[in-house]
Amino acid sequence: MVSVDTNSKRIAVGATHPVGWIPRDVVGAPPSPGIALCLSGGGYRATLFHLGALWRLNELGYLPRLDKISSVSGGSITAGQLGLAWPRLGFDSSGVAQNFQDQVVQPVRALTGRTVDVWAVFFGWLGFDVASALRRHLYGPATLQDLPDKPPEFVFNASNVQSGALWRFLKIYTWDWRVGRIDRPRTPLAVAVAASAAFPPVLSPVILQFRDQDFVPGTGADLQRSPFTRRVVLTDGGVYDNLGLETAWKQYATILVSDGSRKAPPEERPSLDWLSHTNRIVGLIHSQVSSVRKRQLIASFESTEPESHREGTYWGIGSDISRYAAPGRLPCPEPATSRLAGTRTRLNRFNDVLQERLINWGYAICDAAMRTHVEKEAPLPRGFPYPASAVG
């Protein structure tokens with residue numbers, strides 16, 4: 001076991017890991033037994049893709065086996081509804097929620113049938129923003145205190161523009177290791193998810209107001225002081241960690257990652273106006289950071305070192321299903337799934353067919369990954385959730 005007490009040690013020890021280490025961490029300690037699920041960012045595209053993955057995990061009886069669900073951006077939209085609906089999910093003796101479609105799928109689909117981002121950009125000055133849309137159309141007045149008390153623990157990840165660190169929202173606290181911790185926050189669920197999904201530059205930032213006394217004394221490393229503790233400026237969680245790995249990988253021995261993002265495609269003639277150019281650069285940064293984390297995550301599945309080895313699996317919207325060895329994979333031709341991977345990442349209206357294809361694809365690739373690497377004896381799926389739509 002190696003205690004991390006210098007920046008040089010931290011970088012050297014953690015260089016091959018998919019997450020960074022902070023001074024409070026102890027590197028080398030084995031992870032705890034348990035399962036964490038990570039849901040990436042990627043706008044409505046990721047929201048729907050993850051919805052399909054959760055659908056299959058539910059059929060496999062895996063939802064009540066999860067200890068943590070860590071989400072970013074579009075993944076947080078889906079995770080937020082799952083967390084809010086959790087007390088109402090009727091899990092049977094095999095761990096399957098028979099009302100999953102009514103409580104999770106249908107409300108999320110209703111939201112993704114609406115445009116949110118355009119109205120937030122043009123009418124934000126009237127008080128209409130992503131948080132207000134999420135409150136109106138999905139979460140209502142719920143706060144973080146309406147999340148379940150028992151596992152899984154839901155973590156919504158945002159990035160603190162001021163500290164450069166991860167800002168995480170949970171039921172038990174909201175915390176930035178440099179700024180400090182607020183216990184039992186009453187933050188609206190819609191605000192927490194909006195902060196996680198505040199994609200720059202058009203939906204960012206989300207600004208939260210606190211008081212110095214809201215923070216537990218001595219819980220911030222070096223920035224627990226005004227203005228950091230009074231006016232918190234947050235942006236999309238994907239700026240820091242688009243896979244939502246940070247807390248999950250450090251804590252648990254089994255990691256499941258659903259990735260609704262993809263590598264930035266080439267552009268022959270990129271736009272040069274400031275908004276389009278900024279979006280392109282941000283996309284390249286997201287893509288590169290996610291690619292590095294993905295490679296290191298896969299390496300941890302293959303590692304023989306106790307401190308870095310993890311069980312689990314990864315599936316992505318850009319994955320090729322033929323690379324998974326599970327028998328009876330659902331028919332997902334690569335040209336069709338590549339088109340789905342290229343779907344826009346905005347929070348604007350997706351029609352019913354596109355919604356169903358993205359859900360089907362998340363369902364199918366999650367099934368293939370789980371039956372290849374985690375539950376090899378699991379029964380074959382009966383078919384796509386929406387057979388008529390398939391994947392294109």
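Predicted model: local features only at pLDDT ≥ 70, side-chain atom pairs only at ≥ 80, totals over all residues.
Residues are numbered from 1 along each chain as its sequence is written, and side-chain values use heavy atoms, with hydrogens and water left out.

Rings of Phe, Tyr and Trp (its six-membered ring) pair if their centres lie within 6.5 Å; planes under 30 degrees apart count as stacked, over 60 as edge-to-face and the rest as tilted. By this rule there are eight aromatic pairs. One of them joins tryptophan 86 and phenylalanine 154, whose centres are 6.2 Å apart and whose planes stand at 70°, so the pair is edge-to-face. Both residues are buried, a term for under 20% relative accessible area, against over 50% for exposed and partly exposed in between (1.4 Å probe, protein chains only). Tyrosine 173 and tryptophan 175 also form an edge-to-face pair, at 6.2 Å centre to centre and 75° between the planes.

A charge sits over a ring if NZ of Lys or CZ of Arg is within 6 Å of the ring centre and within 35 degrees of the ring normal. The charged end of arginine 65 lies over the ring of tyrosine 62, 4.2 Å from its centre.

With a disulfide defined as a pair of cysteine sulfur atoms within 2.5 Å, the structure holds zero disulfides. For cysteine 38, the nearest cysteine sulfur, that of cysteine 366, is 13 Å away.
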